[in-house]
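Take a look at the structure below.

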Amino acid sequence: MTLLRLSATGLARSHFAVSPLAETVGSLIALHRPCAWPWLARWHSENLPAYRSWLAGNAVAAGLLGLVSATKWFPDVVSVPPSGGVDTRLADELAEVAAQSDAEVLATIEDAAASTGCSTTGAWLPAGGAGSRIAAVLEEGWHRFVERDWPRRHAVIEREITYRAELVAAHGWQRAVKGMTRRSVWVEPDAIRFSNQSWSDRDIGDHGLVFVPYTARQGSWTCERPGRYALVYPARGAAVQPERAHSDPVSVLLGAGRARVAVELRTPATSTQLAAVLDLSLGTVSAHLAVLRQAGVVSRTRSGRHVVYRLTERGSGLLDLLGDRDAQNTAGTGERRWPLPRSSGGTG
């Protein structure tokens, strides 16, 4: 069993963050593998030809993503703890990637390659400026496959952070951590279980742990730099929604638009987040919410500067009665094994 240990001060300093880099890495892994999630099927099929063409013409991208998709832990070069909280910028994360020396990159790539049974990293690793070349690959991957969907994905991540923050406020970190990954649970007064594998524990100390949700749901991993630690985990909900038939029972009763809003509110959200996730105008979403509130299907509460909507007991019962249980969101079902080497990255 592998633990992430936090002091009382470290726990108090723990917080959530957004990482465009983690979103990019997770999305590229999703494209590199057969599609396992129904809600990603359309995005996967639409982008797969371009992804394969890109790899065919870019040896660094092909080598890096082949390794990252197969390894039991991530190389440090692609696992950077976000330092900007919820306002973290991709440019800042990529600057850290590019700043790593060739020796640092080679060492962590070799660790990752060894975990897959490979004896060599291959000719794809540049002889000079490796960090900069890898940063360029990740930036191109962002622009090609993530940037267009980022507003929708960002809305899902925001909702996840809001949900977990409410759990922290009401019940403490012990409750909030449960269900982040398949294995995560508070097992000791100062420790989070991250994996059932027997690897060295990580002493987070007084610096605190950064919790980073992402949407592609390709497992979870840790990131570390001296004094900085992050846990990247799958957000609840799907970044790319499946097409819903307008003839399903929920749509017949509520209307197609209101049905989509109601089903999406199995995870609480603001009207702005709903508009981004469902690709609807804010006015349309607000109109649907007004009708659903009048019917007692949803309620709203204020959380800081935001108004959060959620299903009422009546609304949840209605969706269950009409057979929409498959739309319920679950967290952390994509587990990867993750030995923790001397480097930072681990997948679970």
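## Salt bridges

A salt bridge here is a side-chain nitrogen of Lys or Arg within 4 Å of a carboxyl oxygen of Asp or Glu. By that rule there are twelve salt bridges. This is a predicted model, where local features need pLDDT of at least 70, side-chain atom pairs count only at pLDDT 80 or more, and totals for chains, interfaces and linings use all residues. Residues are numbered from 1 along each chain as its sequence is written, and side-chain values use heavy atoms, leaving out hydrogens and water.

## Two pairs to find

Start with Arg159 and Glu264: their closest N and O atoms are 2.6 Å apart. Arg159 sits in helix α8 (residues 150-171) and Glu264 in helix α11 (residues 256-264), 105 residues apart. (Helices, H or I with at least four residues, and strands, E with at least two, are DSSP runs numbered from the N terminus.) Both Arg159 and Glu264 are buried, where buried means under 20% relative accessible area, exposed over 50% and partly exposed in between, using a 1.4 Å probe and protein chains only.

Next, Asp201 and Arg5 meet in a salt bridge at 3.5 Å, N to O. Asp201 is partly exposed at 33% relative accessibility, and Arg5 is partly exposed at 24%.

## A buried strand

Now for strand β7 (residues 221-225): five of its five residues are buried, so β7 is largely enclosed by the rest of the structure. Trp221, Cys223 and Arg225 lie on one side, with Thr222 and Glu224 on the other.
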